[in-house]
Amino acid sequence: MKLAFIGIGQVGAALAGNLSKLGHSVTVAARDPGSKSVTEALARFPKLTVATPEEAIAAAEVVFLATPFAAVEAALADPDAFAGKVLIDCTNPVGPNLTHGLNSERSGGEVVQDLVPQAKVVKAFTIYGFENFEDSSYPGYGDLRPAMLIAGNDAEARRVVATLCRELGWEPVDTGPIAMSLHLEHMTLLWIKMARVQGVGAGLVWARLQR
Ligand SMILES: NC(=O)c1ccc[n+]([C@@H]2O[C@H](COP(=O)([O-])OP(=O)(O)OC[C@H]3O[C@@H](n4cnc5c(N)ncnc54)[C@H](OP(=O)(O)O)[C@@H]3O)[C@@H](O)[C@H]2O)c1
């Protein structure tokens, strides 16, 4: 697929690198092609290409948003550019002392969907640290794959994202509409507090068991 990345830091580079290795055509939508994050990502993953945000988004079937949450309004300043696109929201609104950045009143996923009403926003690749997006392998668990919870209003867009999850080694767990993002964002806080603060370690992921 033709993919574009807005934000190519820890999360963006991990996902973009693995998707390019899987054979996808991955372009960095770069405000500044000489920035540290773009330069480092290209050095790590030579198959990535770079274009202006306008060009990269226009050419993409699926756009990844992997900027700090504070930057989403600026990054999505031209809503028309995203009309009809699947937009994967990888951002997390995190507030002071690891609280929900929007006071748990509303999800970041819904904020992103409202900024680009004609895009099909799917929240995904948010509930763990970037280390797991770099390496999703969990040997020793047979066919069990780590779970990736996703949420979005458009069922077909969720299917597209679920396929990308599977290709990247995850079992997609479809939680339904974008409003479910609030729960995913709290899962992120749970993960950060356990994995990073309490010292459980970044290799912690959840799996789905169901009768
Ligand atoms: N780190 C994690 O483990 C993790 C895990 C899951 C989700 N997340 C979420 O994923 C998002 C990215 O996190 P990260 O750790 O990858 O951040 P990061 O390493 O700081 O990278 C942020 C990227 O966003 C770009 N950016 C900043 N402002 C922008 C703007 N206005 N327009 C376009 N691009 C802009 C930066 O570009 P420049 O270098 O040019 O400034 C950089 O490439 C955050 O919302 C975070 O909460 C993080």
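A helix here is a DSSP run of H or I with at least four residues, and helices are numbered from the N terminus. Under that naming, α1 is the element that gives the most to the shell around the ligand, with three residues. The model described here is predicted.

## Overall build

The protein has eight helices and ten strands. Its radius of gyration is 16 Å, close to the 17 Å that the globule rule gives for 211 residues, so the protein is as compact as a globular protein of that length. Taken along the principal axes, the C-alpha atoms fill a box of roughly 45 × 35 × 35 Å. Of the 211 residues, 41% are buried. Among contacts between residues at least 6 apart in sequence, 71% join residues at least 24 apart.

## Around the ligand

There are 26 residues around the ligand, and G7, G9, S35, S37 and T91 come nearest. The elements that give two or more residues to this shell are α1 (10-21), α2 (36-44) and α4 (72-75). By kind, the shell divides into twelve nonpolar, eleven polar and three charged residues.

## Strands and their pairing

Strand β1 covers residues 2-6. Four bridges join β1 to β2, and the two strands run parallel. In this pair, K2 stands opposite S25 in β2. Strand β2 (residues 25-29) is mostly covered, with four of its five residues buried.

I6 also belongs to β1. Because I6 has 25 C-beta neighbours inside 10 Å, it counts as buried. Leaving aside neighbours within four places in sequence, the contacts of I6 are A29, P53, V63, F64, L65, A66, T67 and A75. P53 is 47 residues from I6 along the chain, yet their C-alpha atoms are separated by 7.5 Å.

Strand β8 has two pairing partners described here. Strand β5 (residues 86-89) pairs with β8 in the parallel sense, whereas β8 and β9 pair in the antiparallel sense.

| Strand pair | Sense | Bridges |
|---|---|---|
| β1 and β2 | parallel | four bridges |
| β5 and β8 | parallel | four bridges |
| β8 and β9 | antiparallel | two bridges |

Opposite K120 in β8 stands V86, and opposite V122 stands G152 in β9. The side chains of β8 point two ways: K120 and V122 one way, V121 and K123 the other, and all are buried.

## Helix α8

Helix α8 (residues 181-197) has 17 residues. From its first C-alpha to its last it reaches 23 Å, close to the 24 Å expected at 1.5 Å a residue. The buried residues of α8 are S181, L182, L184, E185, T188 and W191. An α-helix has 3.6 residues a turn, so residues three or four places apart point the same way. What covers the buried residues of α8 includes β7 (99-100), α5 (108-115), β8 (120-123) and β9 (147-152). After α8 comes G199, whose phi is positive, near 85°.

L98 lies in the loop between β6 (94-95) and β7. Its phi is near 55°, a positive value in a residue other than glycine. Is L98 buried or partly exposed? L98 has 14 C-beta neighbours inside 10 Å and therefore counts as partly exposed.

S104 is found in the loop between β7 and α5. S104 has a positive phi of about 60°, although it is not a glycine. With 14 C-beta neighbours inside 10 Å, S104 counts as partly exposed.

## D174 in β10

Strand β10 (residues 171-174) contains D174. D174 counts as partly exposed because it has 16 C-beta neighbours inside 10 Å. Leaving aside neighbours within four places in sequence, D174 is in contact with I150, R158 and A162. D174 and M148 are 26 residues apart in sequence and 8.5 Å apart in space, C-alpha to C-alpha.

Notes
Residues numbered from 1 in each chain as written. Predicted model: local features only at pLDDT ≥ 70, side-chain atom pairs only at ≥ 80, totals over all residues. Rg over C-alpha atoms; globule rule 2.2 N^0.38 Å. Buried ≥ 20, exposed ≤ 12 C-beta atoms within 10 Å, placed from the backbone. Contact = placed C-beta atoms within 7 Å. Near = placed C-beta within 6 Å. Nonpolar A, V, L, I, M, F, W, Y, C, P; charged D, E, K, R; others polar. Expected span 1.5 Å × (residues − 1). Pairing = 2+ DSSP bridges.
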